[in-house]
Amino acid sequence: MTYGGDHRGYQPPSGPRQPPRGPRRHQAAQMMPLPGREAAPRRPVRSGPPPRQAPPRQAPPRQAPPRPAGPPPRQTLSRRRRRWNPGKVLLSLLMVFVLFVAGVWVYLEFSINRIDALPEYEGRPAAAEGTNWLIVGSDSRAGLDPEDEARLSTGDTGGQRTDTIMLAHLPDNDTPPILLSLPRDSRVPIPGHGTNKINAAFSFGGAALLVRTVEQATGLRIDHYAEIGFGGFAAIVDAIGGVEMDIPEEMHDSMTGVTIPAGRQELDGAQALGFVRMRYSSATPRSDLDRVANQRKFIGALVSEMSGPGTLLNPFHLFPLLSTAPDALTMDTGDHLHNLVGLAWAMRGISSGGVVTGTVPVTSGSAERWDKAKAQQLFKALRTDQPVPDSLIVN
């Protein structure tokens, strides 16, 4: 079959017939882009099932950036400096202070001289109310060379006696403490030696016999013992820079040659020793009674000076005192440093009137005989922690 016309005829190709085509696919209509706009890319149309989606990717664990080598930044140093705040500085200073006090305490505890001054014996008084101290100032010249003896005007008396004997009673209740002087010339029975001056007991048998003599004469059990010699007393006074005293009138001892001018002044070791020993002077008309009164007055000033900030906070006074005290003091083997601190704390009120001070009642100015009736009432009041009437003591 031929197609004709005005043009050349077309004749289909010969040979085997081509298979029919599949259904015709329609193309989506497209909009012509407007001028000035580009056509958005067309997402191709896919046939078949949708593709499998990949699981979401997890972010890797976050790691700290590496620390750069070299010195830390300025901000880190400032933080470290801020850690030393005032509270920590004060705490460090407090710890240093506590360690210092502990070291000093241990040093003194094991350095103070000790003797067996309170041995048991048959017939010893039983313990009663309160605590009793026997405080002794001996005329021992141990450790003094001839120059020191001349400087301190100690004289050359042989043997060893006691210039000062005091009984300190610390009550267990709110009764004021009492510091009682026992005149050195008081005649009392001395076990094994008859009746003699009380200070002779120290010469006959040392501290143990003196304690026993006092216990038998007073009926009071002595719980603690403290002793200091001439040299130790003067050394302690010099260590704290002297003790301030107000001397009402000039004192001149015709026996020792010591002179102390009138007025408020600082007494050094030699002057202080002369003051507490002086009895041959127009300023001490009652002899031994005036001497023991001056001794109590000086003890009060000494304790106040030692416990005040001028000594405790001054290293030029504190350290000499700490180095001098162990050699100057002698205590009983059963006594400890806290016992001595308790005594000093109780006696700090002597100057202010917080401590009752006086002398055992005597019958005359020579202070050789005790008033037995009043003395027994006085000692009974001490045994029972009762207030002591003024009529029972001599000032």
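Mentor: Helices here are DSSP runs of H or I with at least four residues, numbered from the N terminus, and the expected span of a helix is 1.5 Å times one less than its number of residues. This is a predicted model, in which local features need pLDDT of at least 70, side-chain atom pairs count only at pLDDT 80 or more, and totals for chains, interfaces and linings use all residues. Residues are numbered from 1 along each chain as its sequence is written, and side-chain values use heavy atoms, with hydrogens and water left out.

Trainee: What distance does helix α9 reach from its first C-alpha to its last?

Mentor: Helix α9, residues 315-328, has 14 residues and reaches 19 Å, close to the 20 Å expected.

Trainee: Where does α9 bend?

Mentor: A bend is the angle between axes fitted to the seven residues ending at a residue and the seven starting there. In α9 it is about 25° at Leu322, with Pro326 following within four residues.

Trainee: Which residues of α9 are buried?

Mentor: Buried means under 20% relative accessible area, with a 1.4 Å probe and protein chains only; in α9 the buried residues include Leu318, Leu321, Leu322 and Pro326.

Trainee: How should I read two packed helices?

Mentor: They are described by the angle between their axes and the distance between the axes. Axes are lines fitted to C-alpha atoms, for helices over the stretch in contact, with angles from 0 to 180 degrees between N-to-C directions. The axes of α2 (residues 86-111) and α9 come within 8 Å and cross at roughly 25°, and these helices are therefore roughly parallel (under 35 degrees).

Definitions and conventions: Helices (H or I, at least four residues) and strands (E, at least two) are DSSP runs, numbered from the N terminus. Buried means under 20% relative accessible area, exposed over 50%, partly exposed in between (1.4 Å probe, protein chains only). Angles under 35 degrees count as roughly parallel, over 145 as roughly antiparallel, 65 to 115 as roughly perpendicular and the rest as oblique.
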